[in-house]
Amino acid sequence: MTTVTLSARKLGILLADWRTSGPAYTALADRIGLLIIDGRIAAHTRLPAERELAEALILSRTTVSSAYRELRERGYLRSVQGSGSVTQIPLRERASSPLAIPGSQRYDLTAACPAAWPGLRQLTERTLANTPEIFADRGYDVVGIPELRERIAARYTERGLPTTADQIMVTIGAQHAINLLSRFLLRRGDRALIESPSYPHAFDALNATGARLNTIPVRFEGWDADEIEALLKRVSPSAAYLIPDFHNPTGMSMPIETRRRVIRAAEREGTTLIIDETTAELPFDLARQSIPFAAAVPEGEADHVATIGSLSKTVWGGLRIGWVRSTPSTIRSLVASRPTHDLGTPTFDQHVALNAFDELNDIVQFRSQQINASFAALTTALERYIPEWTLFPAEGGVCTWANLGAPVSSALTLAAHANGVGLTAGPRFGLDGEGERFLRLPMSGPADDLDGAIQALAEVWHSVMAGNHTVAAPLVDVV
Ligand SMILES: Cc1ncc(COP(=O)(O)O)c(C=O)c1O
């Protein structure tokens, strides 16, 4: 495993305003632990030498060495001969799936992943009973079974984007599709754009290619078309990853005119747009169903748009069915490059997905009602317990973004964990420490839990604002 080195300057940026009223070494250890567990510092990263970090943070060497010792004792760091202090995920977290400790928190606001659509169990049993022939072959394939590819293509066509089966590749969820496209489009040193804030594992996938990232701000007012055009022109990126519908984490949607301008500007620069529509079929109000992003321009003018879809947020994340829609030639290249990393999508899951497509309109209706109820419960609870936070104007999706009015998201996350509320700090959704004023709040769970969760969070919030930060492990990762 190669070890990357984190400079003292970069760690200083990530740490931002880390001090609390407690001892400096514990505050430093807590904050570095948070950065490791939420993925902002990857496992197997070499931390700066104690002396360098002490100089950069204007601390005594003893404080830094005590913090590192504390992190070693908690399992976040190991000493490697000749390599100094190297990060790792503590064993307790590693033992469960993948970093979370189910049930370790009273309220879990880290995940924006709904439980299975209630009809799924029956549908799975039906699939098992009605398709015995699927067990007669090897049970997985790299491009997707023809019936499912046709079905996905037909749904795009129904939603306003004419599509044929040879434009579709079935993947193991949307995250897999993001990785496949990133690896296909980007090489070390290439430029890439991503919104800020954005879905954290998309940052990870783009970063893993070695591309240099620039960010497109998504503000309370939304996307600024002039700014995106200027950025595309200046950076001329090979790829840009966007979530234009019910964006994760803000829940906002990009206006149609902005879409047209982005598609045309990207075309001029030779930039491929990776459009993540994982949450695109989840408006609060079903009358506001989105049309696919690539349908914003006339047919034939969006060949440089690669669209990602998934059943994770509508049917169930446990099904692991996603897809890429692109030109037939891009699909052929993606298929050719796939077996190095995985050998294909399970056929059984694809058959379950095929049957789920028969009921997708009902499933979407069920989900929209569910997230709408959760958003209403969230808004009511925030008005009641933390009225000073401002929620972004979400229109759908699985989460929204709260402006806390102060750069304390990491401090709040640490204190909340110690008090039984799992959170993911705002900077996990940005680059280099951006996002300390913000917090993602999911609405994928049951609406009934939200009042209790926000009440518990409000207690922690008030104590953090009063300067009383108390902190303890364990922490959980974001999904
Ligand atoms: C925007 C976005 N893209 C991709 C994913 C990953 O989806 P999947 O479970 O289909 O891999 C998620 C999951 O939260 C998401 O919110």
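Modeller: We'll go through confidence, the ligand, the strands and some backbone details.

Colleague: What should I know before I start?

Modeller: This is a predicted model: local features need pLDDT of at least 70, side-chain atom pairs count only at pLDDT 80 or more, and totals for chains, interfaces and linings use all residues. Residues are numbered from 1 along each chain as its sequence is written, and side-chain values use heavy atoms, with hydrogens and water left out.

Colleague: What is the average pLDDT of the protein chain?

Modeller: The average is 90, and 94% of the residues score at least 70. pLDDT is the predictor's confidence in each residue, from 0 to 100.

Colleague: Where does pLDDT stay under 50?

Modeller: Residues 93-102 are under 50, and the model has 20 contacts for them beyond four places in sequence. Residues 470-479 are also below 50, with 50 contacts beyond near neighbours in sequence. Contact means heavy atoms within 4.5 Å. Where pLDDT is low, the predicted coordinates should not be read in detail.

Colleague: On to the ligand. Which residues are closest?

Modeller: The closest are Ala 174, Asp 276, Ser 310, Ser 312 and Lys 313, and 13 residues surround the ligand. A residue is near it if one of its heavy atoms lies within 4 Å.

Colleague: What polar atoms lie by the ligand's oxygen and nitrogen atoms?

Modeller: A polar side-chain atom of Asp 276 is 2.6 Å from a ligand nitrogen. An N or O atom in the side chain of Lys 313 is 2.6 Å from a ligand oxygen. A polar backbone atom of Gln 175 lies 2.9 Å from an oxygen of the ligand.

Colleague: How much of the ligand does the protein bury?

Modeller: The protein buries 95% of the 400 Å² that the ligand exposes when taken alone. Such areas come from the Shrake-Rupley method with a 1.4 Å probe; for residues, only the protein chains shown count as cover.

Colleague: Now strands. In what order do the three strands of the open sheet come?

Modeller: The order is E15-E16-E18, with antiparallel pairing. E15 (390-391) and E18 (438-442) are the edge strands, each pairing on one side only. E16 (residues 399-403) and E18 pair over five bridges. Ala 402 has Leu 439 in E18 as its bridge partner. Two strands pair if DSSP finds at least two bridges between them. Helices (H or I, at least four residues) and strands (E, at least two) are DSSP runs, numbered from the N terminus.

Colleague: And how many bridges join E3 to E4?

Modeller: Four bridges join E3 (residues 77-80) to E4 (residues 84-87), and the two run antiparallel. They form a hairpin with three residues between them. Gly 82 in that turn has a positive phi of about 80 degrees.

Colleague: Is Asp 30 buried or exposed?

Modeller: Asp 30 is buried, because its relative accessibility is 9%. Buried means under 20% relative accessible area, exposed over 50%, and partly exposed in between (1.4 Å probe, protein chains only). Asp 30 sits in helix H2 (residues 24-37). Its side chain makes a polar contact of 2.9 Å with the side chain of Arg 74. A polar contact is a pair of N or O atoms within 3.5 Å; within protein, one must be able to donate a hydrogen and the other to accept it, and residues adjacent in sequence count only if both atoms are side-chain atoms.

Colleague: Last one. Which peptide bond at Pro 197 is cis?

Modeller: The bond from Ser 196 to Pro 197 is cis, with omega near 5 degrees. Pro 197 is in the loop between strand E8 (191-196) and helix H9 (200-208).
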